[in-house]
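I'd like to walk you through one model today, so let me put it up on the screen.

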Amino acid sequence: MPDAAATLPSDATLDLHLHTRASDGRWTPETLVERVAALGLRAIAVADHDTIDAVAPVAALAARRGIALITGVELSVRWDERQWHLLVYGADLAEPTFRALVDEQRRRHIEAAARAIAALRAGGYSVPSLDDAVGGRPPLPIYVMDALIRDDLAPTILAANAFVTERLGIPFYIDVPLARAVAAAHAGGGQTVLAHPGRYEPAPLGAGDLARLLAAVPLDGLEVDYPTHTPEQRALYAGLADRHGLLRSAGSDSHGPGRPRDPLPYPAAAVAPLLERCGLRLQRAG
Ligand SMILES: [Zn+2]
Ligand SMILES: [Zn+2]
């Protein structure tokens, strides 16, 4: 008999890119699971930035609703002198190599944010939004940058990052080499997917970039379905995934209710090979 928890109906919908308060999202485990249950999604992955703190609580709540959870994290990585986002799905969170990398990233983010907060105070900068942005959580650079924008010390995230890096002298781009992140993810049995390839500044991932990347690093997949991808971008990345034998993924990048959007019902059938590698089988149609 098939394991019901590991099998999805052929017409199931899912969302594999969700953020919670554990990183820069507004969803709590409770509000997130409530919302995806109301939307009828049958599988989800929480992919918080550089932390897995929300995975276990969301998994427990999702299980009670009959929603499958794939473990996930969105790692900040460096390749070709740029920062990219790497989604890791289905990894064993207790595997030591992978866990060490995630824990190290988490610690580096918290330390850099704490240093920046101390430097802002020591420098006499007025950042009244800081407490609200941090919201009683371990501090993260994204909260500091959010407060700098809210308090008119920087107009954009890039400018806020430059403010901390250059004026306060605290490096705020905190990432790991892509090759190291992929190796650690593979040690943990995870699947590595480049997030939102069409969304990078100053230029989206191009066919030539991907060919060079794959010559250097054994990436497993691309996030083909993403809300801000144009139809042309979606077709480009779907074609590149097929040409290079890469897995496809799909996710909304929802950070909270309407922020910038709610979770979305992507068809599970479109990402079946990725699901299968993460231990989730789709029932045959008909
Ligand atoms: Zn991202
Ligand atoms: Zn994201």
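One definition before anything else: the radius of gyration here is taken over C-alpha atoms, and the globule rule is 2.2 Å times the number of residues to the power 0.38. With 286 residues, that rule puts a compact globule near 19 Å, and the protein has 19 Å, which agrees. Housekeeping, quickly: this is a predicted model, where local features need pLDDT of at least 70, side-chain atom pairs count only at pLDDT 80 or more, and totals for chains, interfaces and linings use all residues. Residues are numbered from 1 along each chain as its sequence is written, while chains are lettered from A and ligands numbered from 1 in the order in which they are written.

The C-alpha atoms fill a box of roughly 65 × 45 × 40 Å along the principal axes. There are ten helices and twelve strands; those are DSSP runs, H or I of at least four residues for helices and E of at least two for strands, numbered from the N terminus. Buried residues make up 45% of the 286. By buried I mean 20 or more other C-beta atoms within 10 Å of the residue's own; exposed is 12 or fewer, partly exposed is in between, and the C-beta atoms are placed from the backbone. As for contacts (C-beta atoms, placed from the backbone, within 7 Å), among those between residues at least 6 apart in sequence, 74% join residues at least 24 apart.

Now, domains. The bounds come from an automatic or database domain assignment, which gives domain 1 as 4–90 + 190–282 and domain 2 as 104–167. Their C-alpha centres lie 27 Å apart, and the contact takes six residues from each domain.

On to the strands, where two count as paired if DSSP finds at least two bridges between them. There's an open sheet of four, in the order β4-β3-β2-β11, with mixed pairing. At the edges sit β4 (68–69) and β11 (266–267), each pairing on one side only. β2, residues 13–18, runs antiparallel to β11 over two bridges, and Leu14 has Tyr266 in β11 as its bridge partner. Elsewhere, β8 (191–194) and β9 run parallel, joined by two bridges, with Leu194 opposite Leu222 in β9. And β9, residues 221–225, is mostly covered: five of its five residues are buried.

So which residues of α6 are buried? In that helix, residues 157–167, they are Ala160, Phe163 and Val164. Down the axis of α6 they fall within an arc of 85 degrees, so they line one face of the helix; the arc is that of the directions from the helix axis to the C-beta atoms. What covers them includes α3 (96–122) and α5 (141–150). On the other side of α6, Leu158 and Glu166 are exposed. After the helix comes Gly169, with a positive phi near 75 degrees.

Last stop, Ser76, which is found in β5, residues 72–79. Buried or exposed, or something in between? Ser76 is partly exposed, because it has 19 other C-beta atoms within 10 Å. Leaving out residues up to four places away in sequence, Ser76 touches His49, Asp50, Gln83, His85, Ile174 and Asp175. Ser76 and Pro177 are 101 residues apart in sequence, yet 8.9 Å apart in space, C-alpha to C-alpha.

Key:
Two residues are in contact if their C-beta atoms, placed from the backbone, lie within 7 Å.
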